[in-house]
Amino acid sequence: MSYLIFASATEAASRSAAAWHALGTPAGATQFLWAWQEHPSDGRAALIIPPTPQGAQIDLPPASYEALLTPEEHAAKVEALPGEGWPAAEV
């Protein structure tokens with residue numbers, strides 16, 4: 001797993017929804033590609049990004065999955081949430 005940290009859960013949800021819609025999927029019950037985890041006290045949220053499309057449970061070539069994130073987002077991903085109060089049990 002990798003994580004992309006946003007200032008708020010709203011921003012994380014919006015980015016996850018944008019990735020889902022970029023796939024061109026029809027409207028339905030699914031609205032987000034990736035789940036997110038909220039920080040318990042400071043309002044931040046981290047998208048939880050599986051390393052492969054199979055991990056995200058979508059049928060997509062790996063290169064297309066990687067292209068869902070911008071180069072800046074790839075550079076900002078972290079492999080573990082910082083120890084600044086993120087609950088490890090939920091990661």
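Reader: Which side chains meet in a salt bridge at 2.6 Å, N to O?

Author: A salt bridge here is a side-chain nitrogen of Lys or Arg within 4 Å of a carboxyl oxygen of Asp or Glu. At 2.6 Å, N to O, the pair asked for consists of the side chains of Glu73 and Arg15.
This is a predicted model, in which local features need pLDDT of at least 70 and side-chain atom pairs count only at pLDDT 80 or more, while totals for chains, interfaces and linings use all residues. Residues are numbered from 1 along each chain as its sequence is written, and side-chain values use heavy atoms, with hydrogens and water left out.

Reader: How many residues apart are Glu73 and Arg15?

Author: Helices (H or I, at least four residues) and strands (E, at least two) are DSSP runs, numbered from the N terminus. Glu73 lies in helix α3 (residues 71–76) and Arg15 in helix α1 (residues 9–22). The pair links distant parts of the chain, and the separation is 58 residues.

Reader: Are Glu73 and Arg15 buried or exposed?

Author: Buried means under 20% relative accessible area, exposed over 50%, and partly exposed in between (1.4 Å probe, protein chains only). By that scale, both Glu73 and Arg15 are buried.

Reader: Which class does Asp42 fall into, buried, partly exposed or exposed?

Author: The side chain of Asp42 meets that of Arg44 in a salt bridge of 2.7 Å, N to O. Arg44 is buried because its relative accessible area is 19%. Asp42 has a relative accessible area of 40%, so its class is partly exposed.

Reader: In what order do the three strands of the open sheet stand?

Author: Two strands pair if DSSP finds at least two bridges between them. The edge strands, β1 (2–6) and β2 (35–38), each pair on one side only. The order is therefore β1-β3-β2.

Reader: Is Gln57 buried or exposed?

Author: Gln57 sits in the loop between β3 and α2 (62–66). Its phi is positive, about 60°, although Gln57 is not a glycine. With 73% relative accessibility, Gln57 counts as exposed.
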